[in-house]
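Student: I would like to go through the pockets of this structure. Please show it to me.

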Amino acid sequence: MILNIITEPNPILHQPSAAVPITDINSESIQKLIEDIVETMYANNGVGIAAPQIDSSLQICAIMKDFAKKKDKDIILINPRWEKTSPLKEWDEEGCLSVPKIYGQVKRYKKIKVDAFDAHGKQICFIAEGTLARIIQHEVDHLKGTLFIEKAKNLHSLQEETM
Ligand code: ZN
């Protein structure tokens with residue numbers, strides 16, 4: 001089911017999400033929630049989305065399958081944690097479904113190691129680089145109650161096309 005995206009200002013976007021009990025991951029309600037998160041992401045042309053953005057304060061996020069290794073399955077991260085594997089950071093433009101039409105430059109680590117559980121409760125660990133690393137850092141920030149606009153420089157609104 002496609003759900004409404006929560007947009008700023010809204011307190012749920014600023015509060016830390018709760019960890020999902022591992023034994024609950026395969027429950028009907030969490031599986032349905034994951035399905036809704038993914039469906040809502042694609043319906044809004046998002047590359048990633050976090051549960052608080054659909055009004056659920058749980059540590060779940062999804063990233064579109066284009067960024068998956070085999071590009072055949074969406075990346076679902078439950079209770080994700082990451083750490084840098086290199087001190088290198090880079091600036092790049094970001095936007096967010098919860099802050100429509102606003103963009104800005106955010107400095108993120110280029111390469112990170114991610115630990116999480118997948119949609120079936122299996123523990124996963126992988127290295128992410130570049131855009132994928134950036135999206136994961138953005139989504140994990142959502143789970144901590146942080147929006148990219150709190151870290152960005154040169155925030156600007158997208159110019160509407162007039163022709
Ligand atoms: Zn976002």
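Tutor: Some terms come before the values. Helices (H or I, at least four residues) and strands (E, at least two) are DSSP runs, numbered from the N terminus. A pocket is an open set of points on a 1 Å grid over the protein atoms alone, where a 1.4 Å probe fits, with protein on both sides within 12 Å along at least five of seven lines; lining residues have an atom within 4 Å of a point. This is a predicted model, in which local features need pLDDT of at least 70 and side-chain atom pairs pLDDT 80 or more, while totals for chains, interfaces and linings use all residues. Residues are numbered from 1 along each chain as its sequence is written, and side-chain values use heavy atoms, without hydrogens and water.

Student: What is the volume of the largest pocket?

Tutor: About 720 Å³, where a volume is the space filled by probe spheres set on the grid points, joined across faces, edges and corners. Among its 22 lining residues, Ala68, Lys73, Asp74, Ile75 and Ile76 are the closest to the centre.

Student: Which element gives the largest share of that lining?

Tutor: Strand 7, with four residues.

Student: What makes a lining residue nonpolar, polar or charged?

Tutor: Ala, Val, Leu, Ile, Met, Phe, Trp, Tyr, Cys and Pro count as nonpolar, Asp, Glu, Lys and Arg as charged, and the others, Gly among them, as polar. By that rule the largest pocket is lined by 13 nonpolar, two polar and seven charged residues.

Student: How much space lies in the second largest pocket?

Tutor: About 370 Å³. Helix 2 supplies the largest share of its lining, six residues. The classes there are eight nonpolar, nine polar and six charged.
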